[in-house]
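I set out to record what I looked up in this structure, entry by entry.

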Amino acid sequence: MAMPKKGDTVRQILPPPVVGTVVEYTICQETGTPQVRVEWPDADGDGHAESKWFMASEVEVVNE
């Protein structure tokens, strides 16, 4: 990737958003904020579903 030059129009590179199912809840012991563990299908080919903890404020319900 080329280094942007002054005056170039750029956009931030972000990973694609996680879309999955809430499988667990907890409360952060440090901050007291609610957290949810989200799980989604295998993305890296290891045969296991992926999962990650998010603060509840970082996710939203998807109405399909």
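**Entry 1**

I began with Glu 39, which counts as partly exposed at 33% relative accessibility. The model is a predicted one, and I read every value below as computed from it.

I then asked which side chain Glu 39 meets in a salt bridge. The partner is Arg 37, with an N to O distance of 3.8 Å. I noted that Arg 37 also meets the side chain of Glu 24 in a salt bridge, at 2.9 Å from N to O. This second pair links distant parts of the chain, for Arg 37 lies in strand β2 and Glu 24 in strand β1, 13 residues apart. Glu 24 has a relative accessible area of 34%, so I list Glu 24 as partly exposed, the class that runs between 20% and 50%. Through shared partners, the salt bridges join Glu 24, Arg 37 and Glu 39 into one network.

**Entry 1: The remaining salt bridge entry**

I looked up how many salt bridges the rule returns. The count comes to three. One of them pairs the side chains of Lys 5 and Asp 8, with 3.9 Å from N to O. I compared the accessibility of the two partners with the cut-offs. Lys 5 stands at 58% and is therefore exposed, since the limit for that class is over 50%. Asp 8 stands at 36% and is therefore partly exposed.

**Entry 2: The chain as a whole**

I looked up which secondary structure elements the chain holds. The assignment gives zero helices and three strands, and along the sequence the pattern reads β-β-β.

I next checked the overall dimensions. The radius of gyration of the protein chain is 17 Å, whereas a compact globule of 64 residues would have one near 11 Å. Along the principal axes, the C-alpha trace spans about 45 × 35 × 30 Å. I also noted that 11% of the 64 residues count as buried. For contacts between residues at least 6 apart in sequence, I found that 6% join residues at least 24 apart.

**Entry 3: Val 19**

I turned to Val 19, which lies in the segment before β1.

**Entry 4: Thr 33**

I located Thr 33 in the loop between β1 and β2. Its relative accessibility is 27%, so Thr 33 counts as partly exposed. Which residues does Thr 33 touch, leaving out those up to four places away in sequence? I found Thr 26, Ile 27, Cys 28 and Met 55.

**Entry 5: The largest pocket**

The largest pocket has a volume of about 470 Å³. Its lining is formed by 18 residues, of which Val 18, Gly 20, Val 59, Glu 60 and Val 62 are the closest to the centre. I asked which strands supply at least two residues each to the lining of the largest pocket. They are β1 (21–27), β2 (34–40) and β3 (50–55). Sorted by residue class, the lining of the largest pocket holds 12 nonpolar, two polar and four charged residues.

Definitions and conventions: Residues are numbered from 1 along each chain as its sequence is written. This is a predicted model: local features need pLDDT of at least 70, side-chain atom pairs count only at pLDDT 80 or more; totals for chains, interfaces and linings use all residues. Side-chain values use heavy atoms; hydrogens and water are left out. On a 1 Å grid over the protein atoms alone, a cavity is a set of points where a 1.4 Å probe fits but cannot get out, and a pocket is an open set with protein on both sides within 12 Å along at least five of seven lines; lining residues have an atom within 4 Å of a point. Grid points are joined across faces, edges and corners, and a volume is the space filled by probe spheres set on the points. Helices (H or I, at least four residues) and strands (E, at least two) are DSSP runs, numbered from the N terminus. Ala, Val, Leu, Ile, Met, Phe, Trp, Tyr, Cys and Pro count as nonpolar, Asp, Glu, Lys and Arg as charged, and the others, Gly among them, as polar. A salt bridge is a side-chain nitrogen of Lys or Arg within 4 Å of a carboxyl oxygen of Asp or Glu. Buried means under 20% relative accessible area, exposed over 50%, partly exposed in between (1.4 Å probe, protein chains only). The radius of gyration is taken over C-alpha atoms; the globule rule is 2.2 Å times the number of residues to the power 0.38. Contact means heavy atoms within 4.5 Å.
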